[in-house]
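Here is a short report on one protein chain. Look over the sequence and the model first, then read on.

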Amino acid sequence: MSEQDQEQQQSVFTIEKLYVKDLSLEVPHAPQIFLEQETPEVDLRISTDSKPVEDGFYECSVTATVTAKLSDGRVVFLNEVTQSGIFRLSNIPEDDIKLLLGVACPNILYPYAREVVSSTISRAGFPPVLLAPVNFEAMYQQSEEQAAQ
């Protein structure tokens, strides 16, 4: 096999671009909410998505939605960020592409999403929210099991 054939058959997985695709912050009860002494309950929702952009290039996104509410149901803040990336994947079997887009890419994107959430919430005048690590492999396996049923 020639050197050129080997290069054509070599698997490629690279990060082409990382970016914030969507960012929103709502503080619906400002400024009165800043006078509250109660510690709000914080809820976190994580989702992932991926789609082909063009031949060999895929967009993968991690969306983190953080909602803080008081015991009376008032929303302290609602922060949503979609951290995305364009990844190049070539000469990779289809099953492995699904795994890379469902696990490896979200693992790359999530630390960036965590930083954006923390920064945005602290810039809004609240203590930063530090998101716990997420097991994207378990999320991927769960979604695969649900799709099989």
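Phe 57 has a relative accessibility of 23%, so this residue counts as partly exposed. The cut-offs for that word are simple: buried means under 20% relative accessible area, exposed means over 50%, and partly exposed is in between (1.4 Å probe, protein chains only). The model is a predicted one: local features need pLDDT of at least 70, side-chain atom pairs count only at pLDDT 80 or more, and totals for chains, interfaces and linings use all residues. Residues are numbered from 1 along each chain as its sequence is written, and side-chain values use heavy atoms, with hydrogens and water left out.

**Around Phe 57**

Phe 57 sits in strand 3, which covers residues 57-69. Helices (H or I, at least four residues) and strands (E, at least two) are DSSP runs, numbered from the N terminus. Setting aside residues up to four places away in sequence, Phe 57 touches Glu 16, Pro 52, Ile 86, Phe 87 and Arg 88. A contact here means heavy atoms within 4.5 Å. Ile 15 is 42 residues from Phe 57 in sequence, yet their C-alpha atoms are 9.7 Å apart in space.

**The whole chain**

The chain holds 3 helices and 4 strands. Read from the N terminus, their order is α-β-β-β-β-α-α. The C-alpha atoms fill a box of roughly 70 × 35 × 20 Å along the principal axes. The radius of gyration is 19 Å, whereas a compact globule of 149 residues would have one near 15 Å. That radius is taken over C-alpha atoms, and the globule rule is 2.2 Å times the number of residues to the power 0.38.

Of the 149 residues, 32% are buried. Among contacts with a separation of 6 or more, 69% come from residues 24 or more positions apart. The accessible surface is about 9,400 Å², and carbon and sulfur atoms own 48% of that surface. Such areas come from the Shrake-Rupley method with a 1.4 Å probe; for residues, only the protein chains shown count as cover.

Charges come next. The chain has 10 positive and 23 negative side chains. The centres of the two sets lie 7 Å apart. Lys and Arg count as positive, Asp and Glu as negative, while His and the chain ends are not counted. Each charge is placed at NZ of Lys, CZ of Arg, CG of Asp or CD of Glu.

Leu 109 lies in helix 2, residues 94-123. Leu 109 has a relative accessible area of 0%, so this residue is buried. Beyond residues up to four places away in sequence, its contacts include Leu 18, Cys 60, Val 62, Gln 83 and Phe 87. Asp 72 is another matter: 37 residues away along the chain, its C-alpha atom is separated from that of Leu 109 by 34 Å.

Ser 118 is also placed in helix 2. Its relative accessible area is 16%, so Ser 118 is buried. Leaving out neighbours within four places in sequence, Ser 118 is in contact with Pro 128, Val 129 and Leu 130.

**Aromatic rings**

The whole structure contains 4 aromatic pairs. Rings of Phe, Tyr and Trp (its six-membered ring) pair if their centres lie within 6.5 Å; planes under 30 degrees apart count as stacked, over 60 as edge-to-face and the rest as tilted. Two of the pairs are set out here.

| Pair | Centre to centre | Angle between planes | Class |
|---|---|---|---|
| Phe 34 and Phe 126 | 4.9 Å | 25° | stacked |
| Phe 77 and Phe 126 | 5.0 Å | 45° | tilted |

Phe 34 belongs to the loop between strand 1 (12-26) and strand 2 (41-54), and Phe 126 to the loop between helix 2 and helix 3 (136-148), so their pair ties together parts 92 residues apart in sequence. Phe 34 is partly exposed at 39% relative accessibility, while Phe 126 is buried at 11%. Phe 77 lies in strand 4 (residues 75-90), so its pair with Phe 126 ties together parts 49 residues apart in sequence. Phe 77 is buried too, as is Phe 126. Ring pairs link Phe 34, Phe 77 and Phe 126 into a cluster.

**Backbone details**

Which form does the peptide bond from Ala 30 to Pro 31 take? That bond is cis, with omega near 0°. Pro 31 is in the loop between strand 1 and strand 2.

Asn 91 lies in the loop between strand 4 and helix 2. Its phi is near 55°, a positive value in a residue other than glycine. Asn 91 counts as partly exposed, at 38% relative accessibility.
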